[in-house]
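Subject: Structure handover

Hello,

Here is the structure for your files. Please open it first, then read my notes below.

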Amino acid sequence: MDEDFASFRPAHWTKRSHRLGRSLLEPSSVDVADHVLRLTLPADSTNGAEIRSVEAFGFGRFEARLRVPHAPSSITGFFLYEPPDEAQEIDIEIFNDRTGRVMFTYYSAGQQVSRTHELPFDPTAGFHTYGFHYGADVVEFFVDGELLESLRGDMPAGPLRLHLNTWFPAWLEGERSPQDHHVSVDHVRVTPR
């Protein structure tokens, strides 16, 4: 898959509606314009947005080029997942603020392994490429092509669907903003192994 978001392609993606943390993820908060996917955090709420790939994937490399908003106490996720919760997931979670905090996580059979890093840049100031290489016994996390973390262990079994979302977790304050904020995504690439 090499997605440039020339339009929203229902053959590739579904807009999701469900509760997550403090958020109701709503299809109306997803749109595409000028080759950019926008996931909206609506004003005066803790709601968010999510898309999920129609296709499920096994081992490979997964990348998204995106910019997060300055919307403190919310996060943006780029991840592989299949239910139930905490069974199978590989996750990049970027804090939607200027701190540069990012979490790299995987869940497998109820076990969680997670590391938090501080990026050397403000992720709200421009587009950056976030990605991971998913293998049989390791997941390697990259930002702008630089390897930042390798996590080894029993990886999720797959196949898993690819997700992009933005939302307010219950473990953060849930600060509402008087204006809309948008995650902008201009490219997603999947390279199966």
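Two strands pair if DSSP finds at least two bridges between them. Keep that in mind for the strand pairs below. One caution before the findings: this is a predicted model.

Strand S14 covers residues 138-143, and strand S15 covers residues 146-152. The two run antiparallel and are joined by six bridges. Val-138 has Arg-152 in S15 as its bridge partner. Together S14 and S15 make a hairpin, with two residues between them. Look at Asp-144 in the turn: its phi is positive, about 50°.

**The whole protein**

The protein has 17 strands and zero helices. Its radius of gyration is 15 Å, close to the 16 Å from the globule rule for 193 residues, so the protein is as compact as a globular protein of that length. The C-alpha trace spans about 45 × 35 × 30 Å along its principal axes.

Of the 193 residues, 50% are buried. The accessible surface is about 8,600 Å². Carbon and sulfur atoms account for 46% of that surface. Take the contacts between residues at least 6 apart in sequence: 66% of them join residues at least 24 apart.

Now the charges. There are 18 positive side chains and 29 negative ones. The centres of the two sets lie 2 Å apart.

**Strand S17 and its partners**

Which strands pair with S17? Strands S1, S6 and S8 are among them, and each runs antiparallel to S17.

- S1 (residues 2-3) is joined to S17 by two bridges. Glu-3 has Val-188 as its bridge partner there.
- S6 (residues 36-41) is joined to S17 by five bridges. Leu-39 stands opposite Val-183.
- S8 (residues 60-67) is joined to S17 by eight bridges. Glu-63 stands opposite Arg-189.

As background, side chains in a regular strand alternate between the two faces of the sheet.

Is Ser-184 buried or exposed? The cut-off for buried is under 20% relative accessible area. Ser-184 has 7%, so it is buried. Leave aside its neighbours within four places in sequence. Ser-184 is then in contact with Val-36, Leu-37, Arg-65, Leu-66, Arg-67 and Phe-127.

**The start of the chain**

Met-1 lies in the segment before S1. It counts as partly exposed, at 26% relative accessibility. What lies 5.0 Å from Met-1, C-alpha to C-alpha? That residue is Val-190, which is 189 residues away in sequence. Residues up to four places away in sequence are not counted in the next list. Met-1 touches Trp-13, Ser-53, Phe-57, Val-188, Arg-189 and Val-190.

**Backbone points to check**

Most residues other than glycine have a negative phi, and most peptide bonds are trans. The following residues are worth a look against that background.

Two cis peptide bonds come up:

- The bond from Pro-83 to Pro-84 is cis, with omega near 5°. Pro-84 is in the loop between strand S9 (75-82) and strand S10 (88-95).
- The bond from Gly-158 to Pro-159 is cis, with omega near 0°. Pro-159 is in the loop between S15 and strand S16 (160-167).

Then there are Asp residues with positive phi, including these:

- Asp-34 is not a glycine, yet its phi is positive, about 55°. It is found in the loop between strand S5 (30-33) and S6. The cut-off for exposed is over 50%. Asp-34 has 73% relative accessibility, so it counts as exposed.
- Asp-44 also has a positive phi, near 55°. Its place is the loop between S6 and strand S7 (49-57). At 54% relative accessibility, Asp-44 counts as exposed.

**Where to begin**

I would start with S17. Trace its pairing with S1, then with S6, then with S8. After that, go to Met-1 and find Val-190, 5.0 Å away C-alpha to C-alpha. Finish with the cis bonds at Pro-83 to Pro-84 and Gly-158 to Pro-159.

Best wishes

Key:
Residues are numbered from 1 along each chain as its sequence is written. This is a predicted model: local features need pLDDT of at least 70, side-chain atom pairs count only at pLDDT 80 or more; totals for chains, interfaces and linings use all residues. Side-chain values use heavy atoms; hydrogens and water are left out. Helices (H or I, at least four residues) and strands (E, at least two) are DSSP runs, numbered from the N terminus. The radius of gyration is taken over C-alpha atoms; the globule rule is 2.2 Å times the number of residues to the power 0.38. Buried means under 20% relative accessible area, exposed over 50%, partly exposed in between (1.4 Å probe, protein chains only). Contact means heavy atoms within 4.5 Å. Accessible areas come from the Shrake-Rupley method with a 1.4 Å probe; for residues, only the protein chains shown count as cover. Lys and Arg count as positive and Asp and Glu as negative; His and the chain ends are not counted. The place of a charge is taken as NZ of Lys, CZ of Arg, CG of Asp or CD of Glu.
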